[in-house]
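Let's take a friendly look at the salt bridges in this protein. Have the model open beside you as you read.

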Amino acid sequence: MKRFVMIPILLVLLLLTMEQGNAFDCEATGKSLFPCGVFIIGGSVEPSTSCCSAVQNLKASAPTPDDKRNACICLKEVASHYPNIREDIAATLPQRCGVDINFTISKNMDCDNLPPLP
């Protein structure tokens with residue numbers, strides 16, 4: 001009898017693990033975007049190669065509308081910790097890296113009203 005009780009519990013745990021594995025990882029994204037810091041505070045004219053790689057990874061990690069919304073919320077949260085971010089420069093980051101993330105990076109992004117995915 002214990003075996004029959006354990007099977008549903010194991011299936012639920014497996015499904016939860018799979019869902020978490022596919023979820024947008026804000027902490028990892030925040031860390032990966034660290035090289036962009038110098039650019040978005042106006043300390044360099046162009047974003048670094050590692051910064052642009054992080055922006056490309058950001059786009060790849062947010063393929064669905066929910067992921068995109070979570071990425072937006074994450075970027076707002078990360079940006080809120082840095083009062084010296086130049087919003088005019090941050091808004092150009094994806095374009096400067098040649099990546100279309102389909103929304104503007106800003107501390108004031110409206111993550112509930114993002115444009116549809118291309």
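## A pair at Arg86

Arg86 has a relative accessible area of 39%, which makes this residue partly exposed. Keep in mind that you are looking at a predicted model. The partner of Arg86 in a salt bridge is Asp88, and their closest N and O atoms are 2.8 Å apart. Asp88 is partly exposed too, at 47% relative accessibility.

How many salt bridges does a search of the whole structure find? The search turns up 4, and the Arg86 pair is one of them.

## Asp112 and Arg69

Another salt bridge brings together the side chains of Asp112 and Arg69, at 2.8 Å from N to O. Asp112 sits in the segment after helix 7, while Arg69 belongs to helix 5 (residues 65–80), so this contact ties together parts that lie 43 residues apart in sequence.

Is Asp112 buried or exposed? With 55% relative accessibility, Asp112 counts as exposed, because the cut-off for that class is over 50%. Arg69, at 33%, counts as partly exposed.

## Glu46 and Arg96

Glu46 and Arg96 also form a salt bridge, and here the closest N and O atoms are 3.5 Å apart. This pair links distant parts of the chain, 50 residues apart: Glu46 is in the loop between helix 3 (37–40) and helix 4 (49–60), and Arg96 is in helix 7 (residues 93–96).

Notes:
Residues are numbered from 1 along each chain as its sequence is written. This is a predicted model: local features need pLDDT of at least 70, side-chain atom pairs count only at pLDDT 80 or more; totals for chains, interfaces and linings use all residues. Side-chain values use heavy atoms; hydrogens and water are left out. Helices (H or I, at least four residues) and strands (E, at least two) are DSSP runs, numbered from the N terminus. Buried means under 20% relative accessible area, exposed over 50%, partly exposed in between (1.4 Å probe, protein chains only).
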